[in-house]
Each structure stands twice: as structure tokens, then as C-alpha cells.
Amino acid sequence: MKAKTRGAAQMILAMMISGTVGWPVLVLGQPPATVVFWRCAFGSMAMLATCAALGQLKQGAINRRQLAFAILGGIALVLNWTLLFAAYAHASIAVATVTYHVQPFMLVALGALLFGEKLTINQLGWLVLAFAGMVLMVTGRQSGGDSGDYLLGVALALGAALMYAIAAAIVKQLAALPPQLIVLIQLTVGALAMAPFAGLAHLPAEPTDWLLLATIGLVHTGVMSTLLYGAIQKIPTSLVGTLSFIYPAVAIVVDWAVFGHRLSLLQLLGTLAILGAAAGMMFNKRPFTHRPGPLINGSRTRHRDAENK
């Protein structure tokens, strides 16, 4: 199996797992910082065992520069989770997750600006359509409820999107490291960073709470993050952004099936616009009639240089 195909399969599975995380988070009813701490704690224990079994804990396996990037990525990652989990309580899982997926715009832009990846006219067209869909999601809230609370949930989701884009961009700098080792470092950093805010003096009392926390830590974190980071290292940033839209599709189904939250007409139209844009990018369809060309990343300069030689 080719590396790109394997990476795409890993990304799809990671996004399907991610789409269900809101379910146990809301059932738990714990503060976001508490859930994120235990997510990191359980996840780091699983990844420690995995890295040890794979022989990835040898001395010299990581240099100082890579360690610094991994730590920064861990901080961005836990901020991403904390903001997103907080957004669930103010909006709904579906609204927060779909709004959160403005992050592919940020990720593609970072890929063009930092890594020299091409952003074509076609891609820009689909991203504009997806952005319009996000605007419909923001403005088309369900009837009833507090408008200010809803907008706070949207703002939290947008903040989480920015943190995710930063974390994913940092992972691109760690292509030489095994994804399991990256996840282990980031989860360890996350557990240490969130411990003061986790309310450890008042531990969950019910066995089901511990089961849900362990599931979030082991499955939604250890397994999912390994798949995600392995995919990011194998496929272009634009494809990472495109396949990320599987996540909100699964989250919408979960929110409707489990919690009975239905999207309003505008929200549904916004969702269709976002997912339609993702499909357009995935199958390389053209929203415009003229020939696509590189738009951002200085590739025009490189083309001119090649022509002058």
C-alpha cells in the first residue's frame, strides 16, 4: 500500500473516532479541564507502553529541537481540547464541531505560508464556499436559548480551531519522529499542564465515569492521535484539511441520534456547503472555469526563475 493511501485511510479512521468524542464528554458532565487532564493521563500511559514495546524510548531518539517542537505542540493540543469541550456546553456538539472545522482554512494557509505548499485558485474557491457555510452555521442557531451563550460557544470553537491548526503545523516539523513518540510527549506535557486545573481533590465517584474517561484517553486520544499524526506525516496539508470534514459529519449524526439536537435550516445549509466544499477539494473539481494556478507560497517566483534558466 502506498504511503499516501495508507495516510488517507489513517486520517479517515481518526476523524471517525474524533466525531464521537462529544458523546462521553457531555455524559460525564465534568469541567473541560478535568476531562482534558484525564484524557492526557490515560492516553500518555497507553502511549508509554506502546513506545516501549516498539523500542522508541532509546537514548538519542529525539533531539532538543524536536523536543521543543513537541512540547509546543502539546500545549497547543490541550488548549484545543479544552476550548472545544467548553464549546459543547454553550452550543451543541454539532454546531461546535462544524464551526471548529474552520481549522482547515487555517491549516491550508499555514501549509502555504510555512511549508511552501501550493494553494490553487480551485482550492481557494472551495475554501470560500466552506467559509460561507460556516457563516450560515454561526448565524442560523436553533430557536430558543441564549444568543450570547451560543455565540460564546462559537467563539470557543474558533479558538480551538486555531490551536488545532498550530498543533498540526508543528507536527509537520516532526516528520522524522514516530507518531507514537510525538503523542506520548504531547500527552505528558498536557497532563502536567492541566493537573493544577483538574480538580484532583474531587475525583469521579462512579465506575462508569472512570470507564468513560479511560475510553476518551485510550481510544479518542491514544489510538486517534497516533492515526492522525501518522496521516499528517504522509499526506499533503490540503488533503488533511479535506478529510477533516469527516469529523463534523460523524458528530452531527451522534448529536442527533444521542441528544436529539437537530440543525436548523440555515445550519443544515451551512453544513452542506462545508461538506460539499470538502468533496470538491477531494475530487479536484473546479468551482471556476479558468485553469487553476498557484496562488500563494511564492511558487510564481519559482516558476519565473525556472523560465529564466
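1. Let's start with the cysteines. Counting pairs of cysteine sulfur atoms within 2.5 Å, this model has zero disulfides. Please keep in mind that the model is predicted. As a reminder, a disulfide is a covalent bond between the sulfur atoms of two cysteines.

2. Now the chain as a whole. The protein chain has 14 helices and two strands. Of its 309 residues, 50% count as buried. If you take contacts between residues at least 6 apart in sequence, 91% of them join residues at least 24 apart.

3. On to helix packing. Two packed helices are described by the angle between their axes and the distance between the axes. Take helix α3, residues 32-53, and helix α10, residues 207-232: their axes come within 8 Å and cross at roughly 60°. That angle makes α3 oblique to α10. The crossing of these two helices, α3 and α10, is right-handed.

4. Which residues make the contact between α3 and α10? On the α3 side you will find V35, W38, R39, F42, G43, A46 and M47. From α10 come W210, L213, A214, I216, G217, L218, H220, T221, G222, M224 and T226. Sorted by class, the contact of α3 with α10 has 11 nonpolar residues, six polar ones and one charged.

5. A second pair is worth a visit. Helix α5 covers residues 93-100 and helix α7 covers residues 121-139; their axes come within 9 Å and cross at roughly 150°. Angles over 145 degrees count as roughly antiparallel, and α5 and α7 are therefore roughly antiparallel to each other. The crossing of α5 and α7 is left-handed.

6. Here is the contact for that second pair. Helix α5 contributes A94, V95, V98 and T99, while helix α7 contributes M134, M137 and V138. How many polar and charged residues does the contact of α5 with α7 have? There is one polar residue and no charged residue, alongside six nonpolar ones.

7. The crossing is right-handed for α3 and α10 and left-handed for α5 and α7.

Terms used:
Residues numbered from 1 in each chain as written. Predicted model: local features only at pLDDT ≥ 70, side-chain atom pairs only at ≥ 80, totals over all residues. Heavy atoms only, no water. Axes fitted to C-alpha atoms, helices over the stretch in contact; angles between N-to-C directions. Helix = DSSP H or I, 4+ residues; strand = E, 2+ residues; numbered from the N terminus. Parallel < 35°, antiparallel > 145°, perpendicular 65-115°, else oblique. Left-handed = near helix turned anticlockwise from the far one by under 90°. Contact = heavy atoms within 4.5 Å. Nonpolar A, V, L, I, M, F, W, Y, C, P; charged D, E, K, R; others polar. Buried < 20%, exposed > 50% of the residue type's maximum accessible area, 1.4 Å probe, protein only.
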